[in-house]
Amino acid sequence: MSKFYQFWIRKNFLINMDINCDTLVVNKHSLFQRLDIPILIKDHLNRDKNVYHFYLCYFKPIWTDCTCNGYHAENFGMIWWQSNQNHEYDVKLAKKNCAVVSHELSHELLRQQQNKNYIDVVHQVWSKHIFDDLQFQHYDKNFYYTKKYSKFLTIDTSQFKLANI
């Protein structure tokens, strides 16, 4: 997935960004410790400050600022990575999850390009995906844009130009 987003960012935002993936170990505890916020903060602070950190969490962030159950801030992003009840790979959920990742990444990438409306622009396009008939962008396993089989779904970045950038 990291190779796909490296390609996607370069293609749509003209930014060369190294993408690395690793796992944040977050243990399930009692209801009050479920979020493991101290572990998340410690992990984030111990990483390179010049690298954008993106977390895929098994829990729904309670501090979400997007309708897609994600959160973004400078140098930081996270989404609720949904899986089926057996925690097995599910193509439909993976596609949905990828679209949400592209949503949160779009906020940060537009912010880095100094777009003053980076939040509203992304949410306008996202609303068209959810409530209108705007299709997500589809990419196959070789990262080719397709309308048939798709492994990855992303927000339609061509719409950003139409949304007053």
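I read along the sequence and wrote down the pattern α-α-β-β-β-α-α-β-β. That gives me four helices and five strands. A reminder to myself: this is a predicted model.

Next I checked burial. Of the 165 residues in the chain, 42% are buried. I also noted the accessible surface, which comes to about 10500 Å². Carbon and sulfur atoms account for 52% of that surface.

Then I went looking for cores. Nonpolar side chains tend to be buried together in soluble globular proteins. Which residues have the most contacts inside the largest nonpolar core here? I found Trp8, Leu105, Leu109 and Phe160, in a core of 28 residues. Two or more residues each come from α1 (2–13), α3 (91–112), α4 (118–131) and β5 (152–154). The largest share is from α3, with seven residues.

I stayed with Trp8 for a while. Setting aside neighbours within four places in sequence, I listed its contacts: Phe13, Ser102, Leu105, Ser106, Leu109, Gln137, Tyr139, Thr154, Ile155 and Thr157.

Last, I asked how far along the sequence the contacts reach. Taking contacts between residues at least 6 apart in sequence, I found that 53% join residues at least 24 apart.

Key. Residues are numbered from 1 along each chain as its sequence is written. This is a predicted model: local features need pLDDT of at least 70, side-chain atom pairs count only at pLDDT 80 or more; totals for chains, interfaces and linings use all residues. Side-chain values use heavy atoms; hydrogens and water are left out. A nonpolar core is a set of buried Ala, Val, Leu, Ile, Met, Phe, Trp, Tyr and Cys residues joined through side-chain atoms within 4.5 Å. Buried means under 20% relative accessible area, exposed over 50%, partly exposed in between (1.4 Å probe, protein chains only). Contact means heavy atoms within 4.5 Å. Accessible areas come from the Shrake-Rupley method with a 1.4 Å probe; for residues, only the protein chains shown count as cover.
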